[in-house]
Amino acid sequence: MKVLIVDDEAYVRIGLTEMLKMHCSEISYITEADSVAEGKKAIDKFKPDLVFLDVCLSDGKGFDLLKSLNEISFKVIFIT
């Protein structure tokens, strides 16, 4: 499973990454993004299976990111 964490707080991304590595052996790849724009690029490039998505980001809302996509082919867990 490929995971993307989109959050503008570095400590949240780091903490969540560490927890996932410790408790979720089925995850093969974790990548991070810190904004709506970077999140969209990461989704297009890495094609994640699961996205942890912050509700409020520095350049918009997590919902803005989802609305900007042509297709949502992954599961979303909102974090805030």
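Tutor: The answer below takes the aromatic pairs in turn. This is a predicted model, in which local features need pLDDT of at least 70 and side-chain atom pairs count only at pLDDT 80 or more, while totals for chains, interfaces and linings use all residues. Residues are numbered from 1 along each chain as its sequence is written, and side-chain values use heavy atoms, with hydrogens and water left out.

A pair of aromatic rings is described by the distance of the centres and the angle of the planes. Rings of Phe, Tyr and Trp (its six-membered ring) pair if their centres lie within 6.5 Å; planes under 30 degrees apart count as stacked, over 60 as edge-to-face and the rest as tilted. A search of the whole structure finds two such pairs.

One is formed by Y29 and F46, a tilted pair with 5.6 Å from centre to centre and 35° between the planes. Y29 belongs to strand β2 (residues 29-33) and F46 to helix α2 (residues 36-46), so the pair ties together parts 17 residues apart in sequence. Here helices (H or I, at least four residues) and strands (E, at least two) are DSSP runs, numbered from the N terminus. Y29 is partly exposed, at 37% relative accessible area, and F46 is partly exposed at 24%. Buried means under 20% relative accessible area, exposed over 50%, and partly exposed in between (1.4 Å probe, protein chains only).

F63 and F78 also pair: their ring centres are 4.9 Å apart and their planes stand at 35°, so this pair is tilted. It links distant parts of the chain, with F63 in helix α3 (residues 62-67) and F78 in strand β6 (residues 75-79), 15 residues apart. F63 is partly exposed at 42% relative accessibility, and F78 is partly exposed at 37%.
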